[in-house]
Amino acid sequence: MGRGKFKGKPTGQRRFSSAADILAGTSAARPRSFKQKEAEYEEDVEEESEEESEEESEDESDVKKKGHEALIEVDNPNRAKPKTLKARDLDASKTTELSRREREELEKQRAHERYMRLQEQGKTEQARKDLDRLALIRQQREEAAKKREEEKAAKDAKKVDARK
């Protein structure tokens, strides 16, 4: 029966193997037959590696398998092998269809570029309004500059009259 999330305090004591136990193969972590199984496994691996080395010498283009793939041959249909295409194999005349989003994005960029070109040339409504506003501001600044010049001239004239 399960105890739930929390266990009672004496949860069991840990056993640690001494170096002598490990060397003798009688440690608590490994069964006594572990060394025998390990030796058999190493022999099998050596035999397989010899067979694989013969196969690899025949065809060196195979990729070295990792993990259990070396032991079990699995044909996974979902695992796509990368296809390397060379430049000469590509068809330049073949155009790929763009998705709707990509097509809309391109149209949006082209429309923005066209609008900015017209904006620079001053052919859009907004450009005309901006140019009118700029002309008005320039006119106001010129008038303010003339007024300042006149005031300065008047001030200088008063100083000259006051000295005389």
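A: Accessible areas here come from the Shrake-Rupley method with a 1.4 Å probe, and for residues only the protein chains shown count as cover. On that basis the chain has about 17,200 Å² of accessible surface, 50% of it belonging to carbon and sulfur atoms. Keep in mind that this is a predicted model, in which local features need pLDDT of at least 70 and side-chain atom pairs count only at pLDDT 80 or more, while totals for chains, interfaces and linings use all residues. Residues are numbered from 1 along each chain as its sequence is written, and side-chain values use heavy atoms, with hydrogens and water left out.

The pattern along the sequence is α-α-α-α. Of the 164 residues, 4% count as buried; that word means under 20% relative accessible area, with exposed being over 50% and partly exposed in between (1.4 Å probe, protein chains only).

Now the pairs. Side chains of opposite charge can pair when their charged atoms come close. A salt bridge is a side-chain nitrogen of Lys or Arg within 4 Å of a carboxyl oxygen of Asp or Glu, and by that rule you get three.

One of the salt bridges joins R100 and E104, at 3.3 Å from N to O. These two sit four residues apart in helix α3 (residues 100-121), so about one helical turn separates them. R100 is partly exposed at 49% relative accessible area, and E104 is partly exposed too, at 40%.

Helix α4 (residues 125-163) holds E125 and R128, three residues apart, or about one turn of the helix. Their closest N and O atoms are 3.6 Å apart, which makes a salt bridge. E125 is exposed at 56%, whereas R128 comes out partly exposed at 42%.

Also in helix α4 are D130 and R133, three residues apart and again about one turn. Their salt bridge has its closest N and O atoms 3.0 Å apart. D130 is partly exposed at 24%, and R133 is partly exposed at 48%.

Around these pairs there are a couple of polar contacts, meaning N or O atoms within 3.5 Å; within protein, one must be able to donate a hydrogen and the other to accept it, and residues adjacent in sequence count only if both atoms are side-chain atoms. E102, in helix α3, has a polar side-chain atom 3.1 Å from the backbone nitrogen of S99. E102 is partly exposed at 44%. T124 sits in the loop between α3 and α4, and its side chain reaches the backbone nitrogen of A127 at 3.2 Å. At 10% relative accessibility, T124 is buried.

What about charges outside the pairs? Patches are built from residues with over 30% relative accessible area and no salt bridge, joining like charges within 9 Å and nonpolar side chains (Val, Leu, Ile, Met, Phe, Trp, Tyr) within 5 Å. One negative surface patch takes in E38, E40, E42, E43, D44, E46 and E47. E43 is found in helix α2 (residues 34-58).

For contrast, Y41, L71, I72 and V74 form a nonpolar surface patch with about 420 Å² of accessible area together. L71 belongs to the loop between α2 and α3.

Definitions and conventions:
Lys, Arg positive; Asp, Glu negative; His and termini not counted. Charge placed at Lys NZ, Arg CZ, Asp CG, Glu CD.
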